[in-house]
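Visitor: Could you take me through one part of this model up close? I'd like the strands and the helices beside them.

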Amino acid sequence: VDPSPPSHFPDAIELWGWSTKPSGGRYEIQQSTIPSVFDAVAMTAASRGRLAWWWTLLLLARASSAESLKRYVEISKDGTSFSLDGKDFYVHGFNQPQMMTHAADESGRGKILEVLGDAELHGFNVMRMWAFNDGHSQWNSLQLYPGVFDEKVFRALDYVLHESRRHKIRVLLSLTNHWNEYGGTNQYVQWAKASANASQQGGSSSFGPDAFYSSVECRRLYKNFVAAVLERRNVYTGIAYKDDDYIFGWDLINEPRAESAPALQAWIEEMAGFVKSIDKKHLVTSGSEGFFGKSTPDLTRYNPGSWASAHGVDFVRNHDIPDIDFGVFHLYADLYLNSCEMDCALRFSEDYVQAHLTSGLRKPILLEEVGKKGEGRDEYLEVVLRKMHDDHIGGGYGAGTVIWQLSPSNFSDVDSFAIYLPEHESTSSLVKSFGVRVALRMASAFHNGMAVVGWMRQIVTDKIRNFYGNRFWAQHILPAGSNPSVASFSNETSDPVLP
């Protein structure tokens with residue numbers, strides 16, 4: 001900057017981590033620590049006379065500094081929700097597990113762009129997907145054999161992450177599967193058995209039903225895979241996965257189940273700690289279905305059936321450990337309940353959601369999968385979406401919902417839960433309206449509830465665009481002259497945005 005300062009201006013000043021010094025007749029602004037933009041605004045307003053203009057310059061320089069942005073999604077200071085740059089971040093998300101495998105073929109990349117484009121235009125801000133596909137017999141396998149990777153498929157994952165960044169959608173990556181699809185835990189057990197037989201160390205007979213969680217060799221193979229993924233450098237962005245701010249976080253495993261609850265608990269503790277030993281920037285969670293277990297006996301009555309207690313899952317205990325940042329659970333009334341009409345499904349689902357939100361777990365809680373088949377889907381999803389978001393607005397632990405699943409026009413609908421937004425118009429309208437509701441509230445957090453005008457509004461708007469500036473936000477949240485504020489939410493429980 002070249003402010004031509006008055007003669008009484010000091011040779012150097014330092015304010016809130018900003019320092020200035022003369023350099024060849026010009027003043028350089030350097031940054032060491034990051035103040036809040038609104039702290040600086042308050043100080044600008046409070047300052048009088050000759051320094052007020054200088055605060056304006058400092059503020060403009062801060063807004064233009066990319067390094068000043070806290071780009072990783074974090075846990076809020078009060079521990080109830082997610083935050084981005086210190087502001088509220090509520091997850092309006094979708095699942096699509098097939099992204100990497102389809103991106104591995106050039107002919108499939110149009111499908112990837114179709115999914116991301118549809119998601120962007122409907123306000124989705126997080127995608128959950130698989131970052132694994134294990135075993136040489138799998139189509140477009142990522143890990144052919146232990147530690148042996150297909151570079152073409154790894155580049156496909158790079159591509160999906162790169163395109164997600166372009167669409168301003170953050171990605172929650174799952175690292176393996178309890179189920180046999182995409183290899184899963186069974187593939188690790190088979191590899192470990194082969195290794196045991198080869199080394200004659202007890203042979204395969206030593207592998208019990210929970211071998212994936214209890215076997216030293218299985219745990220070693222899983223850790224090696226996780227390390228390879230976290231250390232991977234994206235060929236499109238040049239950014240290591242562990243440093244990629246558009247990665248939302250890591251799922252240790254999709255829907256873990258075990259006969260032994262202690263074995264599963266020990267595995268979650270060990271693997272969460274292992275991920276954190278490599279990557280301290282991203283959030284970590286279990287990937288669990290979230291059934292209630294022995295740590296909360298009063299809540300087991302909310303489980304979908306007595307069978308849920310037989311899989312070693314314990315929602316509160318599994319997540320109430322230091323290296324797990326947030327809790328997750330899944331919800332499928334169609335699969336859990338037999339001969340249950342809509343009223344029954346809604347009653348069960350509302351109770352199940354409420355039980356998780358008030359379970360005693362003092363961490364953000366994400367409904368990581370929820371789906372509904374066929375007729376009644378819109379009504380069902382609207383109730384669940386509102387339930388989670390209203391809890392968040394009320395200061396609870398509800399931190400977002402991730403719908404299962406968005407698909408392009410020509411993905412196979414293997415489980416009858418697929419949503420193709422261009423054809424499913426009523427569902428499209430629902431999720432877009434909800435996306436507007438979520439995004440308006442998130443945008444208002446950047447204004448701190450103030451009616452910001454003039455150049456200050458431009459600074460804040462530019463900052464919002466840096467995080468969320470895709471086509472959805474341009475069309476619905478930040479049109480020319482707009483000024484989102486908390487006034488838009490004066491009556492949260494009767495929000496006019498949702499139909």
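Guide: Met129 has Leu173 in S11 as its bridge partner. That pair belongs to strand S8 (residues 126-130) and strand S11 (residues 170-174), which run parallel and are joined by five bridges; helices (H or I, at least four residues) and strands (E, at least two) are DSSP runs numbered from the N terminus. Before going on, this is a predicted model, where local features need pLDDT of at least 70 and side-chain atom pairs 80 or more, while totals for chains, interfaces and linings use all residues. Residues are numbered from 1 along each chain as its sequence is written, and side-chain values use heavy atoms, leaving out hydrogens and water.

Zoom out and you get an open, parallel sheet of eight strands, ordered S13-S12-S11-S8-S7-S16-S15-S14 (strands pair if DSSP finds at least two bridges between them). At the edges, strand S13 (283-285) and strand S14 (327-331) each pair on one side only. From one strand to the next, the twist averages 25°.

Now for the helix side. H12 lies across S14, strand S15 (365-370) and strand S16 (398-404), at about 170° to S14; axes are lines fitted to C-alpha atoms, for helices over the stretch in contact, with angles from 0 to 180 degrees between N-to-C directions. Contact means heavy atoms within 4.5 Å. The axes of H12 (residues 342-357) and helix H13 (residues 377-393) come within 10 Å and cross at roughly 20°, so H12 and H13 are roughly parallel to each other (angles under 35 degrees count as that). Residues meeting there include Leu346 and Val353 in H12, and Tyr380 and Val383 in H13.

Terms used: Angles under 35 degrees count as roughly parallel, over 145 as roughly antiparallel, 65 to 115 as roughly perpendicular and the rest as oblique.
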